[in-house]
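Have the model open while you read.

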Amino acid sequence: MQNLLDFLDKYGQEYNTKDSSLFFYSLTKLKKFNYFLELGTGLGCTSFAVATAMKENKKGLCISFDNGIHQFSEYESFIENQSKNLNIQKHFKFNLEDINFNNFNFNFKLDCIFSDFDRRETSIDNLINWSLSNVMCFSSIFIDGVAEHNSSYFYLKLLIDSFNNQKIPNNYLNHKNFIETHTFNLITIRKDDSLNVGQSNMCWIKIEPNNVYFKKIKQWKC
């Protein structure tokens with residue numbers, strides 16, 4: 001744990017991720033996630049925190065994607081070397097490639113998805129649409145920084161409201177059964193951004209079955 005804290009102290013200010021990484025560490029420890037997907041690795045703070053918690057839980061895999069286009073030339077080796085230093089290789093898989101949902105083919109359901117790469121409305125649609133086919137009945141989707149983009153933020157709010165009101169948009173009709181049997185809670189978490197790096201919030205979509213019986217079965221798979 002101390003190695004993780006040292007890493008976060010050194011690199012966590014770059015994208016204002018030190019405190020949020022500790023939040024994901026705590027959430028992973030509490031929820032005991034089996035599978036966590038991160039879209040946009042950055043310097044690895046979030047995924048390393050999640051993988052460290054999984055190591056302590058003795059279960060779980062954190063999968064992270066980033067094409068490295070905004071990073072430095074030795075980016076891939078940096079991420080791999082840091083994961084070795086933290087001794088989390090069994091719980092962390094890094095993919096240096098574009099984020100393309102059409103190429104994702106997991107044979108398991110995800111407990112949590114954290115998106116930190118694109119906040120346009122079309123990207124939010126693609127993320128949510130893909131996620132509804134690939135998450136557990138009890139799951140979470142986080143989108144970082146979206147509240148700073150008014151049109152995308154209000155679109156997300158309207159989308160979640162439409163799900164809960166059973167007014168399903170045409171492009172989500174293939175998820176009709178999932179949407180009708182689940183409740184979606186949208187929470188906006190404000191983060192201190194004293195260094196003004198443009199990361200002052202993240203949206204948390206909590207998903208759970210609205211059937212009382214299913215709520216008693218925490219490991220129920222959709």
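1. Phe178 and Phe184 are both buried, meaning under 20% relative accessible area, with exposed over 50% and partly exposed in between (1.4 Å probe, protein chains only). A word on ground rules: this is a predicted model, where local features need pLDDT of at least 70, side-chain atom pairs count only at pLDDT 80 or more, and totals for chains, interfaces and linings use all residues. Residues are numbered from 1 along each chain as its sequence is written, and side-chain values use heavy atoms, leaving out hydrogens and water.

2. Now the ring pairs. Rings of Phe, Tyr and Trp (its six-membered ring) pair if their centres lie within 6.5 Å; planes under 30 degrees apart are stacked, over 60 edge-to-face, the rest tilted. That rule gives 28 aromatic pairs. Phe163 and Tyr172 make an edge-to-face pair, because their centres are 5.2 Å apart and their planes sit at 70 degrees. Phe178 and Phe184 are tilted instead, with 6.4 Å centre to centre and 55 degrees between the planes. Phe163 and Tyr172 are both buried.

3. Have a look at the cluster too: ring pairs link Phe7, Tyr11, Phe48, Phe72, Tyr75, Phe78, Phe92 and Phe94.

4. Lys206 lies over the face of Trp204, 5.2 Å from the ring centre. The test is NZ of Lys or CZ of Arg within 6 Å of the ring centre and within 35 degrees of the ring normal.

5. Helix H5 (residues 121-131) has eight of its eleven residues buried, so it is largely enclosed by the rest of the structure. Among those buried are Asp125, Asn129 and Trp130.

Terms used. Helices (H or I, at least four residues) and strands (E, at least two) are DSSP runs, numbered from the N terminus.
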